[in-house]
Amino acid sequence: MKLMKTLLAATAMMALAAGAAQAKQLVYCSEASPAHFDPGPVTGGNDQDAGALAIYDRLVDFKPGTTEIEPSLAESWEVSTDGLEYTFKLRPGVKWQTTSYFTPTRDFNADDVVFSFERQWKTDNPWYAYLEGMTWDYFQGMDMPKFLKSVEKVDDLTVKITLNEPNSPMLANFAMGFASIVSKEYADKLVADGNLAAFSTQPVGTGPFELVDYQLDTVIRYQAFADYWGGKQPIDDLIFAITTDPSVRAQRLMAGECDIMAYPAPADLEALRGDDKLNVPEQEGLNVGYISYNTTEPPFDKAEVRKALTMAIDKKAIIDAVYQGAGQDAKNLIPPTMWSYDDAIPADVYDPEKAKKMLEDAGVTSLTTDLWAIPVSRPYNPNGQRVAEMIQADWAKVGVTANIVTYEWTEYRERGKAKDRKGPFMIGWGGDNGDPDNFFATLFSCSAIGVSNYSSWCNQDFEKAIQDAKAISDQGERSALYTKAQEIFKAEEPAITLAHSRVFMPMNKKVLNYDMSPLGTHSFKGVDVAE
């Protein structure tokens, strides 16, 4: 069945590509279907790749291959000396994409910027809950409602954003996918038409590519936006060939069915490196694979139980078997490549006998729980099912029965947010902006409960440390606070920090100018293909 589905996907993808036989195209074997194309509510890397990075732009962006900020829709900006006011001078003459479903009558301007933030912020905005069950995970999880005081149009090409208090990562936050600028004129048209839901499936952006066609779980086809402010892209057609199995992605790359692929299985790296048609660049990942306990659910509400269950896991065996040389033990939430990493934190010790006694001392002598297994391959976790099976076996040795559950990727994440979710939840994170706040606050702040804090953990000492760190610009002072946060996190164990990994990006040698992002996303702006 899997082979048949793969063949059907390949056939559909090639059929779509056939119409552009004379055009220069690049085929990317991606790992999952996007939830949709609205960049604001989504957090998955596959969602960002398909929407924010392909179709949209932001006020500022990250320089390719770095976490340095560069101008984008804003040509320049000024920050007040007190760190409270950000004034952006917008780029003139930026065109919105013209599609079969929308023809813009004006260029990008300040109204679009104000709308892009207010729709995520103002609860009375008609776009705040335009899709059933949607949440603004980044905007809420990063406490943007707390920090934003106002987003004002000064004139058509000037926007002033005022904060309630200083926030050191804020400029980098504006370069993240959730801060993509969307068209107010298009949104107003959909309101008038009574068709708000189309905003997520029929996108209109200012970015390098515009959507041509999407077949669920099969293929996304884009074409270069001819009027892109940065110039038309070197490739004419960009195709996402959605291929969930990492080994099948590798086979398709080696067979020439795609030009570049995401997230190879560690077991396939040797064959990929041995193919003389391919390059396999790699770099340390700004990531972590982890498993969130629901700290509101007995007996996981007790730190001693959480620590015992972590002690019962043979992390080394998991890293050896699953990551196969591409991963290292994660003793902290942030990776060792990130500033403020606390190397003094002790690594987890595997001691099933002590773990069993700790559980007994905590009154846990018989425990049955769900254990959620991530359904997609990621560098921070190449094989969630295998990891779950190994943990299941480890916990059985201390008298804990784990029932492995999983769902389709988008549904999996939505179910995991529930505050009454049962059982530890396997997930992971790739940094979005190079700042520790993007790990600590986005994943474990009190405001992120119900969105990206899958542990439903709210610790006031931890919260004070990470919030105080945002208000300070000195990196040394911020590092001291993040050290404290790491100590609290380790003592409380709201999640099992499993592994950090290297990231690999196999591609055909004809692919030119592709920069691996330290943020783990995939942008094809500026990428070319040799004739």
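Predicted model: local features only at pLDDT ≥ 70, side-chain atom pairs only at ≥ 80, totals over all residues.
Let's start with helices α17 and α19. Helix α17 covers residues 437-444, and helix α19 covers residues 475-492. Their axes are 11 Å apart, and the packing angle is about 45°. That makes α17 oblique to α19. The crossing of α17 past α19 is left-handed.

Who makes the contact? From α17, take Asp437, Phe440 and Phe444. From α19, take Arg478, Tyr482, Gln486 and Phe489. By class, that contact has four nonpolar residues, one polar and two charged.

Now stay with Phe444, and turn to rings. Searching the whole structure gives 37 aromatic pairs. One of them joins Phe444 and Trp457. The pair is edge-to-face, with 6.2 Å centre to centre and 75° between the planes. Phe444 sits in helix α17, while Trp457 sits in the loop between α17 and α18, so the pair ties together parts that are 13 residues apart in sequence. Are these two buried or exposed? Phe444 is buried, and Trp457 is buried as well.

The ring pairs also build a cluster. Its members are Tyr290, Trp339, Phe440, Phe444, Trp457, Phe462, Tyr482 and Phe489.

Helix α13 is residues 315-323, and helix α15 is residues 384-396. The axes cross at roughly 150° and come within 10 Å. That makes α13 roughly antiparallel to α15. This crossing is right-handed. On the α13 side, the contact uses Ala317, Ile318, Ala321 and Val322. On the α15 side, it uses Arg386, Val387, Met390 and Ile391. The classes here are seven nonpolar, no polar and one charged.

Right after that, look at Gln324. It lies in the loop between α13 and β15. Its phi is positive, about 50°, although Gln324 is not a glycine. Gln324 is partly exposed, at a relative accessible area of 44%.

Glu493 also has a positive phi, near 50°, and is a residue other than glycine. Where is Glu493 found? It is in the loop between α19 and β19. Glu493 counts as buried, at 3% relative accessibility.

One more backbone point. Pro298 and Pro299 are joined by a cis peptide bond, with omega about 0°. Pro299 belongs to the loop between β14 and α12.

Trp372 lies in strand β16, residues 367-372. With a relative accessible area of 6%, Trp372 is buried. What does Trp372 touch, beyond residues up to four places away in sequence? Its contacts include Val405, Tyr407, Tyr412, Arg415, Arg421, Pro424, Phe425 and Met426. For distance, Trp229 is 143 residues away along the chain, and the two C-alpha atoms are separated by 44 Å.

Gln223 is in strand β9, residues 219-224. Gln223 counts as partly exposed, at 35% relative accessibility. Setting aside neighbours within four places in sequence, Gln223 is in contact with Pro208, Phe209, Glu210, Val212, Asp236 and Asp237. Gln223 and Asp435 are 33 Å apart, C-alpha to C-alpha, and 212 residues apart in sequence.

How values were computed:
Residues numbered from 1 in each chain as written. Heavy atoms only, no water. Axes fitted to C-alpha atoms, helices over the stretch in contact; angles between N-to-C directions. Helix = DSSP H or I, 4+ residues; strand = E, 2+ residues; numbered from the N terminus. Parallel < 35°, antiparallel > 145°, perpendicular 65-115°, else oblique. Left-handed = near helix turned anticlockwise from the far one by under 90°. Contact = heavy atoms within 4.5 Å. Nonpolar A, V, L, I, M, F, W, Y, C, P; charged D, E, K, R; others polar. Phe/Tyr/Trp six-rings, centres within 6.5 Å; stacked < 30°, edge-to-face > 60°. Buried < 20%, exposed > 50% of the residue type's maximum accessible area, 1.4 Å probe, protein only.
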